[in-house]
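Subject: Structure for your files

Hello,

Here is the structure I said I would pass on. Please open it alongside this message, as the notes below are meant to be read with it.

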Amino acid sequence: MPETSTLEVTPVVAIPPHLVGQIQSKLAYVDEAIAAAQVAESGDRITLTLRSAGNAAEIEAKVQRVVQEMAQGSIAPRVEILEDHLARPVSYDADPLTELLARREVYEESTGIFTFGPLMSRLIEYFEGRFLQLAAHFEAQPYRFPTLMSAKFLDRVDYFKAFPHSLTFATHLREDLDIINEFAEKAKYEGHGLNSPAEFFSQIQALLSPAVCYHLYFSLADHPLPNGQLIATAVGNCFRYESNNLTSLERLWNFTMREVIFVGSKDFVLEKREQSRLFMQKIFEELGLAYQVETANDPFFVGEFRKQAAFQNAFQLKYEIRARLPFKDSTLAIGSYNYHQDFFGRHLDITLPDGKPIHTGCTAFGLERVAYAFLAQHGFDPARWPAAVREALP
Ligand code: 5GP
Ligand code: ZN
């Protein structure tokens, strides 16, 4: 075990309860010396575990800056609960990860990168099939999207300002014989990564996709939308670098999302989003899932946080489906119903027949999390599973 030390910080601005979790997860990005961060529920104490002594004064100053920017003047959003099924009966109360690891059903290839065996794969396939029923209900058109995403387009939709901390970049060796030869001879995984110098690598043209629906909007850019509306569905790999928060199956660097995507007028998108929620309510009931649906905001980076998060909350742009995790008495977002207003229409110049920018929205499910939450609630004995799942799996 490398040596660690502890640094206690008393925040200059008290952290209000609604920001405790969000500030805690942001602290992972404050300094490379921070191995773990804990914000007390009372919001008046932060405990940092440092990898080395680091420069404590510098780290504390950066922590205070994050707290100040996120907490000062922040007003608790009015969380509206649209559905509450948290009391639905469940039959398991342990962390399924323990059993999954013991059965070699999941294997952690590297931090935040997991492979899944037959049980998880069958569960995910089954749940995805249920989400495809939602797609079929809307006669959604199927699409296939790449894992890489264009840096040029991500820039056009201001992604770098909103979520810089969670980006994952794709690069390759520069086209240079000497560099390629030297890499081939000397590249080694040493300490915490490859030993190759940064100058060997190309400028960034592509990133690993942080979301699925963006690919659809990019493909529609700079044109009027034929017929003025479109419903699409796609599944894809998504990547969000979560630093020290990459623990367990709750947060993966690489996860998969199935989305149903709505493009059209404001009324069209809002109506489809609501129909999605009502349709899924019946499916989640059959799956025996204990969950609630509530208003939420995306995890914006510090600089954008207050404005954007408040805006999303105030206009109810995001509803999260939060499944109960009985073993830790908390909930985990397994999906979301999103409305982006005309954000993508404006930034990407996609227009309705009347020339106005289109509106977009999506219903998105994190497939690994759905399977994980199901096992957390119903365990590993199929005899105790809700009938729909038990009968569907071999
Ligand atoms: P959103 O676009 O609402 O942030 O993400 C949609 C869904 O993707 C979330 O509700 C969640 O199920 C899943 N998701 C988001 N981030 C992560 C993550 O770090 N790990 C995993 N496993 N799933 C995630
Ligand atoms: Zn989406």
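Predicted model: local features only at pLDDT ≥ 70, side-chain atom pairs only at ≥ 80, totals over all residues.

Ligand 1

The shell around ligand 1 holds 14 residues, and R240, L252, K318, A333 and S336 are the closest. Sorted by class, the shell has six charged, five nonpolar and three polar residues.

On the backbone, an N or O atom of A333 lies 3.0 Å from an oxygen atom of ligand 1. A polar backbone atom of G335 is 3.1 Å from an oxygen atom of ligand 1. From a side chain, a polar atom of R369 lies 3.1 Å from a nitrogen atom of ligand 1. On its own ligand 1 has 490 Å² of accessible area, and the protein covers 92% of that.

Which elements give two or more residues to this shell? They are strand 15 (254–264) and strand 18 (330–339). Strand 18 gives the most, with four residues.

The zinc ion

Ligand 2 is a zinc ion, and its protein donors are C213 through SG, E259 through OE and C362 through SG, at 2.1 to 2.3 Å. Along the chain these donors follow the spacing C-x45-E-x102-C. C213 belongs to helix 8 (residues 213–219) and E259 to strand 15, so this pair ties together parts that are 46 residues apart in sequence.

Are C213 and E259 buried or exposed? C213 counts as buried because its relative accessibility is 2%, under the 20% cut-off for that label. E259 is buried too, with a relative accessible area of 1%.

At 10% relative accessibility H215 counts as buried. Its side chain makes a polar contact of 2.7 Å with the side chain of S209.

G264 is in strand 15, and at 0% relative accessibility G264 counts as buried. The C-alpha atoms of G264 and L289 are separated by 32 Å, and the two residues are 25 apart along the chain.

Helix 12

R369, mentioned above for its side-chain atom at 3.1 Å from a nitrogen atom of ligand 1, is one of the buried residues of helix 12. The burial covers the whole helix: twelve of its twelve residues are buried. Among them are L367, E368, Y372, F374 and H378.

How does the length of helix 12 (residues 367–378) compare with what it should span? At 1.5 Å a residue its twelve residues should span 16 Å, and the end C-alpha atoms are 17 Å apart, which agrees. After helix 12 comes G379, with a positive phi near 70°.

Helix 4

Helix 4 (residues 118–137) passes the length check as well: its 20 residues should span 28 Å at 1.5 Å a residue, and its end C-alpha atoms are 29 Å apart, which agrees. The buried residues in helix 4 include L119, M120, L123, I124, F127 and F131. Two charged residues, E128 and R130, are among the buried ones too. An α-helix has 3.6 residues a turn, so residues three or four places apart point the same way. E139, with a positive phi near 50°, follows helix 4.

Regards

Terms used. Residues numbered from 1 in each chain as written. Chains lettered and ligands numbered in written order. Heavy atoms only, no water. Near = heavy atom within 4 Å. Polar contact = N/O pair within 3.5 Å; in protein donor to acceptor, adjacent residues only side chain to side chain. Areas by Shrake-Rupley, 256 points an atom, 1.4 Å probe, with all protein chains shown as cover. Donors = N, O, S within 2.8 Å, 3.2 Å for Na, K, Ca; no water. Buried < 20%, exposed > 50% of the residue type's maximum accessible area, 1.4 Å probe, protein only. Expected span 1.5 Å × (residues − 1).
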